[in-house]
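Have the viewer open as you read.

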Amino acid sequence: MIKVENIHKSFGDEDILKGISTVFEKGKTNLIIGQSGSGKSVFLKCLLGLFKAEKGFIYFEDEAIQNMDEDQQRDLREDTGMLFQGGALFDSMTVEENVMFPLRMFTKQKKSEMKARVNEVLSRVQLEGANKKYPSEISGGMQKRVSIARAIVNKPKYLFCDEPNSGLDPKTATVIDNLIQEITHENNITTIVVTHDMNSVMEIGENIVFLKSGKLVWQGNNEEIFKTDNEDVTDFVYSSDLFKKIRDVQLKENS
Amino acid sequence: MRYLRDIGSYFLMIKRIFSSFTKGSVLKELVFKEIEDLIISSLGIVVFISFFVGGVIAIQTALNVNNPIIPKSLIGFATRQSIVLEFAPTFMSIIMAGKVGSLITSSIGSMRVTEQIDALEVMGINSLNYLVFPKIVALSLYPLVIGISMFMGIFGGWVAGVYGGFSSSTDFIAGLQDDFQVFHLVYAFIKTFVFAFILATVPSWQGYYMKGGALEVGKASTNSFVWTSVLIILANYIITQLLLS
């Protein structure tokens with residue numbers, strides 16, 4: 001569980017996050033959504049500790065990250081997996097070396113044990129046999145799956161995903177979404193996904209936080225989001241023609 | 001003001017490189033990889049350039065001293081002094097700023113652009129120690145490269161002098177031994193160590209703190225060459241003033 005209390009972050013004179021408070025629950029896929037420029041990525045980077053919030057607290061379980069010393073923060077990061085927008089795989093390493101990387105850095109396992117664990121997670125993301133390939137030799141969807149494998153190989157307690165579907169076709173995007181949700185449930189971890197993809201919202205939005213201009217304006221799940229009267233949310237949700245048509249059909253059926 | 005900020009960020013980077021060390025076994029592998037990329041892969045070009053520049057120095061000296069009063073051994077003497085004092089340590093380092101410096105800046109810059117550095121930081125790894133420290137260790141072998149450059153430069157001078165008919169082998173070798181001061185070698189290798197540190201850290205700094213995309217990686221590589229060369233020339237002047245004057 002991650003609890004956020006009154007987080008503020010600014011760059012120069014510009015306030016990006018203006019007092020966000022919320023709870024991201026364990027065992028659920030928590031989504032942060034909102035338009036471009038709403039502060040989603042900055043919020044995620046604050047949660048990850050890449051940006052320091054000027055005000056407020058972020059609690060991992062019961063411990064505020066602001067009160068942790070450097071060693072505690074490093075330990076926390078070892079418990080964190082991250083799926084970057086572009087995958088962020090190390091170009092000079094093979095798929096196997098990429099996935100093995102966190103194990104080599106943070107565990108004292110033997111190479112055979114590490115290889116067994118790598119094969120296990122690669123099989124979980126359906127990438128058996130890709131061990132010796134380099135990131136440049138595999139597709140964007142496969143790169144995302146390798147990135148997921150790398151994020152979960154060290155059994156993290158927290159999984160962060162930044163726009164996991166960007167640049168993917170709808171079918172592959174759904175596969176990635178489902179994979180993230182399944183892994184969250186299987187391992188009972190706290191997962192936070194930053195996205196503006198409405199398909200992801202529908203598929204895996206068990207807890208959705210909607211940001212606008214650095215403020216949290218709505219929170220709910222993927223059923224509630226289609227029923228809310230909050231104008232900011234409805235503007236966002238029905239900005240695509242497809243969702244507008246679906247809503248019109250539903251309204252006709254109801255009337 | 002911008003320059004002050006840049007200088008500050010460079011020294012803060014140096015401080016961070018030497019903190020929160022990466023796991024020893026991983027670091028060892030990284031150092032060997034950097035030795036391969038930065039040292040071994042540079043040997044070919046170093047040998048090639050040094051040999052021919054040494055030859056050119058010998059020929060030019062010979063062509064400018066055809067006065068019978070001046071001994072032929074001057075060709076060997078001038079070749080040795082030029083190669084040992086300036087060409088091998090300083091000008092070879094500027095050439096290496098182009099080869100090694102660009103490689104370092106573009107590889108770290110690409111990692112910045114593609115979020116690989118963020119990935120390291122999120123995992124709790126000190127990315128500066130992971131990326132730059134092995135380069136500093138690998139480039140501590142740089143004096144070996146400069147030693148090879150000195151040898152090949154003098155050898156090139158001997159080949160050009162003797163086989164070009166400008167000097168006898170005996171005269172050339174007598175010139176090499178004439179007024180030889182070990183301190184000149186010490187001075188050259190002290191310079192080389194300083195240049196090695198500049199070669200490892202300045203291009204890393206340019207790559208690590210770059211912002212933008214692929215185009216900016218190219219710009220950062222160019223800046224890296226300019227900054228590294230300028231600092232090598234400045235350091236060369238200061239060290240020479242301190243040690244030889």
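## Chain A: contacts and overall size

In chain A, residues 24 or more positions apart account for 65% of the contacts with a separation of 6 or more; two residues are in contact if their C-beta atoms, placed from the backbone, lie within 7 Å. Keep in mind that this is a predicted model, where local features need pLDDT of at least 70, side-chain atom pairs count only at pLDDT 80 or more, and totals for chains, interfaces and linings use all residues. On bookkeeping, residues are numbered from 1 along each chain as its sequence is written, while chains are lettered from A and ligands numbered from 1 in the order in which they are written.

## The four-stranded sheet

Chain A carries nine helices and 10 strands. These are DSSP runs numbered from the N terminus, with at least four residues of H or I for a helix and at least two of E for a strand. Four of the strands make an open antiparallel sheet, ordered E2-E1-E4-E5; two strands pair if DSSP finds at least two bridges between them. At the edges sit E2(A) (14-24) and E5(A) (63-64), each pairing on one side only. Helix H1(A) (40-48) packs on this sheet, touching E1, E2 and E4 (55-60) of chain A, and its direction makes about 60° with that of E2(A). Such angles run from 0 to 180 degrees between N-to-C directions, with axes fitted to C-alpha atoms, for helices over the stretch in contact.

Now for the pairings. E1(A) (residues 2-11) is joined to E2(A) by eight antiparallel bridges, and Val4(A) faces Thr22(A) in E2(A). Five bridges link E1(A) to E4(A), also antiparallel, with Glu5(A) partnered by Phe57(A) in E4(A). E4(A) and E5(A) share two antiparallel bridges, and Tyr59(A) sits opposite Ala64(A) in E5(A). These two strands, E4(A) and E5(A), form a hairpin with two residues between them, and Glu61(A) in the turn has a positive phi of about 55°.

## The six-stranded sheet

What is the strand order in the other open sheet of chain A? It reads E6-E7-E8-E3-E9-E10, with mixed pairing. E6(A) (80-83) and E10(A) (215-220) stand at the edges with a single partner strand each, so one side of each has no neighbour in the sheet. On average, and ignoring direction, neighbouring strands here are turned by 20° against each other.

E3(A) (residues 29-33) and E8(A) (residues 190-194) run parallel and are joined by four bridges; Leu31(A) stands opposite Val193(A) in E8(A). Helix H5(A) (140-152) lies across E6 and E7 (158-162) of chain A, running at about 170° to E6(A).

## Two domains in chain A

Chain A is split into domain 1 (1-79 + 158-221) and domain 2 (92-155), with bounds that come from an automatic or database domain assignment. Their C-alpha centres lie 24 Å apart. Where they meet, 11 residues of domain 1 contact 10 residues of domain 2. Helix H6(A) (residues 170-187) supplies the largest share of the domain 1 side, six residues. That side divides into seven nonpolar, three polar and one charged. Here Ala, Val, Leu, Ile, Met, Phe, Trp, Tyr, Cys and Pro count as nonpolar, Asp, Glu, Lys and Arg as charged, and the others, Gly among them, as polar.

Chain B has 10 helices and zero strands. Its C-alpha atoms fill a box of roughly 70 × 40 × 35 Å along the principal axes, and 42% of its 245 residues count as buried. Among contacts in chain B between residues at least 6 apart in sequence, 87% join residues at least 24 apart.

The contact between the chains takes 12 residues from chain B and 14 residues from chain A. Helix H5(B) (residues 116-122) gives the most to the chain B side, with five residues. By type, that side holds five nonpolar, three polar and four charged residues.

Conventions
Buried ≥ 20, exposed ≤ 12 C-beta atoms within 10 Å, placed from the backbone.
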